[in-house]
Amino acid sequence: MKLRTAISQVKGLQHLVESMQLQSSLGKRYLLDTFMMYQSNKINQELDLVNHIYSILRGKNVGLIHKIQTKLMQVRDIKGSVKNIMSNLVLDDIELFEIKSFALVSDEILKLQNEFETTLIEIPDLNSIISILDPENNRIPSFYIYDSYSSELAGIRKEIKKLKTAIKADPERYTGQNLEALLSQSEEIEAEVRGRICEKLYPFASELERALNQVAHLDVIIAKAILANNFAFTRAHISDSTTEYKAMFHPQIRETLALSNKKFQAIDIKLNHSVCFITGANMAGKTVILKTLALCQYLLQFGFFVPAQLAHISLVHRILVSVGDDQSEQNGLSSFASEMVKINEMVEASIKKENVLVLVDELARTTNPTEGRAIVNAVAEIFNENQTLSVVTTHYSNLNSDCRKLRVKGLDKDFKAGEINRNNINDYMDYSLIEDDDLKVPHEALRIAGILGINQQIIEKANNNLLNK
Amino acid sequence: MPFIKEIEKYRSLSIVGLEKNTGKTECLNYVLSRLSGSTKQIALTSIGIDGENSDLVTQTHKPEIEVHEGMIFVTSELHYQKKKVLAEILDVSSQTTSLGRLVTAKAKSSDKVMISGPASNAAIKDLISQMRNFNVDITLVDGALSRKSLGSPAVTDAMILATGAALSANIPQLVYKTNYTYDLISLKAVGDELKERLLPIQKGIWTISEEGELFDLEIESVLLIEKAKDKLFTQGNRIFVNGAITDKFLNFLRIQKQIKEIEIIVRDFTRIFASPETYYAFIKRGGRIKVLQKTKLIAVCINPVSPDGYCLNSDELKQAMEEKLKLPIYNVRELNGHLVESKCDSRIDR
């Protein structure tokens, strides 16, 4: 899967990618075309590169990175011209100009990065290309068919100039005929020179393509490092068994909260290759946990740092999410039906013992509680049997006692009436997870509904119903 | 020609034709040839594709402009490929226009090229300021006064107007119409502080209260003014209109009892689409119009020949124009050494 596809499925990921400081459209394309990685050595290779720049950002050489970024801003995507040269076509002046100016910028970036003790990324030396396109050795990003390419051309150009002046001075005596002949002659020579230049460039085409890729990659790793630095991300360790996060957070939600001077409570969570239920009151952030888990997994496998203080992550081949905010009406399915279709996909992956991460929010919540609970227990059993790394949030009690359960602490203290309201409930909520052996799930729906200030009659009547049971 | 000295005082200059075939290209070519002797670095570009839609479709009829050795020009990729002039490419833009990316190049000989440029005001402004990177002193903009074009030549510091028989074949009419445009160009600008506040507002109609506060009247355009007349004066009599000023709007304002207090602010003079009759009636009653962006008209070029061969008496035209406008007036036919008479098949003296 490419990052381009992943961001269309995970909003949090899209938000992060959009906030990245990529300097060139080339870098942006490179990033979006990155494939999800499944081998730890590949991921570590990328993370090593990011980590290198990450540590420079915190050191005294940070200015050099900014200088490189300024150069990266001048980089244009010349993929088309490179393709043309690789297929041995003759390029026009604009394309040759693009290649020359790219080669010059690339060379400047190379020089800048040579000032570091260790190279950031290998960039091929393009000086052979520069010398072909810069016969007068000006090292200025400009191009035309210079006189120095052909003495014949230089001669004709001089004649044209002379003739033009003569025609202007005395249009009666000089006709335009000679001029036309000279012009077409010069055009012919220019075309021939262009052909020669492209022939000379041809052997360096693959070098050029590699330089283009490496420069784009440099842009990407710098942007990844800056992102990690800005959001206080950490480098995850790749684990063979459990996935474990210390102080994991959702960057976008934390940012939104920070705007209103609120703090995001980071979460510790540990997952084994089995099912894990998360229970807890409404508004306790269960969905956010699932979204953050998906985000972190994608980030790591696309070679990013992750939003946590410490992370050990086990790699997966696919991430399957059912958070129930997709538009099932559009498929002509009821919300229950569309959920079941998704769950079916997960269960089948589980039975095939695929290495997947399964994240399900409030499984079977849209049907009656009796059957709903039965479905939850059945699905959990399958995940457990097949050792599928999975997290399922639910409000149902009497869950399968073999399964691991985590509970969000929630509002686990007593508060005075009126102390909490809809605006400050987040301050009282304890979002941390605890291991829970209880078969029952917390019954706090009415209490939270009360805090949210819904009509008192509902709460009174609902409480009476519960007592009469 | 004295106005070349005048041009050198400005950083940007647009050359604008009041109608097709009013001799804008001749005028531009003349200015370029005169500037070729200047020590200043000159750059040349255009607003859009000259607002001539047929040009985009047929890709013909676009007059070529003669650039001189050492001048910088900006044109679209498509027109660059067709150039006759020998030129060194300095830059290729990342944004594209309908005719491809914009190529900035320096002429290495003197010859013809077709010029096309960015279409929007912001892009032209950006382009003019980017020209500093190439040490350009004066940027010439081939402009258009067209309701179709988004870009307005008023973004340049100075302007030369080309007018002529193509606009009207009757000297008093031609002078009257040209003078109207001159009056609009001469509209006063608002203060710098207010200008900075209003420039970023891209749509709607706003009033500025006595205390200088801005209120969005939540009217999309003056075309919808009929439905919102009651809202118009609730916060004051100074009104900033983003879109076009029409006859209907001015006529409505003209009959208001507080007409003398009313002040309309528009982005620049090209936004006033009202007929001269309506405009003058509005002004006569005491109404005022100001602009955010003001440009200075430094000369008017006249072309006494209309495209169908009709020819006005050039001396008479020039004299009538000078008397009315009190500006330097030049005959494009004479500027480039053409003989007026030889071009005129059916000269009609009036």
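**Domain and chain interfaces**

Tutor: Between domain 1 of chain A and domain 2 of chain A, the count is 1 salt bridge, a salt bridge being a side-chain nitrogen of Lys or Arg within 4 Å of a carboxyl oxygen of Asp or Glu. This is a predicted model, in which local features need pLDDT of at least 70 and side-chain atom pairs count only at pLDDT 80 or more, while totals for chains, interfaces and linings use all residues. Residues are numbered from 1 along each chain as its sequence is written, chains are lettered from A in the order in which they are written, and side-chain values use heavy atoms, with hydrogens and water left out.

Student: Which residues form a salt bridge with N and O atoms 2.9 Å apart?

Tutor: Asp48(A) pairs with Arg235(A), and 2.9 Å is the distance between their closest N and O atoms.

Student: How much area do domain 1 and domain 2 of chain A bury between them?

Tutor: They bury about 2100 Å², and carbon and sulfur atoms carry 73% of it. Buried area is the accessible area (1.4 Å probe) that two parts lose on being put together, summed over both.

Student: Let us change topic. How many residues of chain B are in contact with chain A?

Tutor: In chain B, 20 residues are in contact with 16 residues of chain A. The area buried between the two chains is about 1400 Å², with 50% given by carbon and sulfur atoms. On the chain B side, Leu86(B), Glu88(B) and Ile89(B) lose the most area to chain A, together 34% of what that side buries.

Student: How many salt bridges does the rule find across the interface of chain B and chain A?

Tutor: The rule finds 4 salt bridges there. One salt bridge joins the side chains of Lys164(A) and Asp111(B), at 3.0 Å from N to O.

Student: Which elements give two or more residues to the side of chain B that touches chain A?

Tutor: They are helix H4 (77-81), strand S5 (87-97) and strand S6 (100-107) of chain B. The largest share of that side, 8 residues, comes from S5(B). Helices (H or I, at least four residues) and strands (E, at least two) are DSSP runs, numbered from the N terminus.

Key:
Contact means heavy atoms within 4.5 Å.
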